[in-house]
Amino acid sequence: MHLLHDRRGTPPGELDQAGLVELLRFGVPPSDAWLRTNFVTTVDGSVTGPDGASGSISPGSDAHHFALHRALCDAVVVAAGTARAEGYRAVDLADWQRDVRAAEGLAPLPTLVVVSASADLDPQIATPAVGEGGPVVVATTTAAPPARLEALRAAGVEVLQRGTKSVDLRAVLDDLAGRGLPRLLCEGGPALHRELLALGLVDEVLLTLAPSVVGGDGSRTTRGAGLDDPLGLALAYVLRGDDDALFTSYRTLPEKPVGRLE
Ligand SMILES: NC(=O)c1ccc[n+]([C@@H]2O[C@H](COP(=O)([O-])OP(=O)(O)OC[C@H]3O[C@@H](n4cnc5c(N)ncnc54)[C@H](OP(=O)(O)O)[C@@H]3O)[C@@H](O)[C@H]2O)c1
């Protein structure tokens with residue numbers, strides 16, 4: 001990966017794994033959650049390819065980038081729409097990702113948090129297709145159908161009921177930070193992203209620009225009603241992959257002070 005810009009002053013140039021970890025490591029204010037969202041989009045602004053999934057637009061160099069972000073978070077937060085469309089399961093990691101986590105003092109595996117009002121999720125989400133998986137939490141409402149919650153619990157999922165009609169996202173983030181999971185990586189999707197931004201809960205937006213155009217009616221990185229006011233962002237860094245993908249990080253304004261969690 002080639003660093004094109006880092007507002008903290010890191011000189012442009014090729015970054016090795018240690019340099020990438022230094023750049024991508026979460027800045028976490030003490031006792032508070034830091035929420036980073038991560039999307040890949042084509043140059044014409046679609047977050048999905050012709051198959052309705054994101055893998056088909058994801059450039060080759062994104063695989064390592066995506067995996068490194070997973071290696072550096074305490075929890076992966078995802079909306080049920082994306083979890084269903086992309087077949088999410090408990091997070092398992094490669095040995096190199098576990099090594100990164102060990103060096104960073106993180107738990108061996110991140111927790112998967114799925115946000116869903118309906119709780120309409122396959123209980124097999126509790127385990128990865130192969131290997132060992134991290135814990136799985138379903139964040140839902142007090143109105144979720146009890147039978148679905150029972151099936152999820154029986155499979156080993158922790159059910160967190162916050163909110164009545166829709167999930168109280170602020171309460172969920174506070175709960176996660178309160179249990180020692182402040183480094184939060186939200187992998188979508190667009191409906192959840194819009195809500196989190198509208199509520200002022202996003203600290204950092206990661207946008208990968210795939211060097212491709214797909215046309216079609218694919219969603220943008222947000223879906224739903226317009227925000228009352230445009231949300232300002234400040235560019236933090238830009239990386240370029242060997243395949244011309246661009247990896248950008250924006251901080252939402254006003255910026256939260258950054259500290260390191262002790
Ligand atoms: N390119 C990328 O980086 C990227 C990333 C992520 C997703 N995607 C794509 O986005 C598409 C999925 O998008 P989507 O429109 O389905 O949106 P989504 O945000 O993935 O899912 C929406 C669903 O999430 C749940 N949800 C969100 N906020 C909630 C809240 N506050 N309370 C309760 N439930 C809440 C609801 O689930 P229930 O219906 O279960 O109640 C809702 O129907 C897929 O095609 C996926 O491939 C692309």
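Arg8 is exposed, with 56% relative accessible area. The model is predicted. Start here and work through its salt bridges.

**Exercise 1.** Work out where in the chain the partners Arg7 and Glu255 sit, and how accessible each is.

*Solution.* 
Step 1. Closest N and O atoms of Arg7 and Glu255 are 2.6 Å apart, in a salt bridge.
Step 2. This pair links distant parts of the chain, 248 residues apart. Arg7 is in the loop between strand E1 (2-6) and strand E2 (13-14). Glu255 is in the segment after strand E11 (246-252).
Step 3. Arg7 is partly exposed at 38% relative accessibility. Glu255, at 35%, is partly exposed too.

**Exercise 2.** Trace the salt bridge of Arg179 with Glu158, then name the network that holds them.

*Solution.* 
Step 1. Their closest N and O atoms are 2.9 Å apart.
Step 2. Arg179 lies in the loop between helix H6 (169-178) and strand E8 (183-186). Glu158 lies in strand E7 (residues 158-161), 21 residues apart from Arg179.
Step 3. Shared partners join Glu158, Arg162, Asp175 and Arg179 into one salt-bridge network.

**Exercise 3.** State how many salt bridges a search of the whole structure finds.

*Solution.* The search finds 15.

Definitions and conventions:
Residues numbered from 1 in each chain as written. Predicted model: local features only at pLDDT ≥ 70, side-chain atom pairs only at ≥ 80, totals over all residues. Heavy atoms only, no water. Salt bridge = Lys/Arg side-chain N within 4 Å of Asp/Glu carboxyl O. Buried < 20%, exposed > 50% of the residue type's maximum accessible area, 1.4 Å probe, protein only. Helix = DSSP H or I, 4+ residues; strand = E, 2+ residues; numbered from the N terminus.
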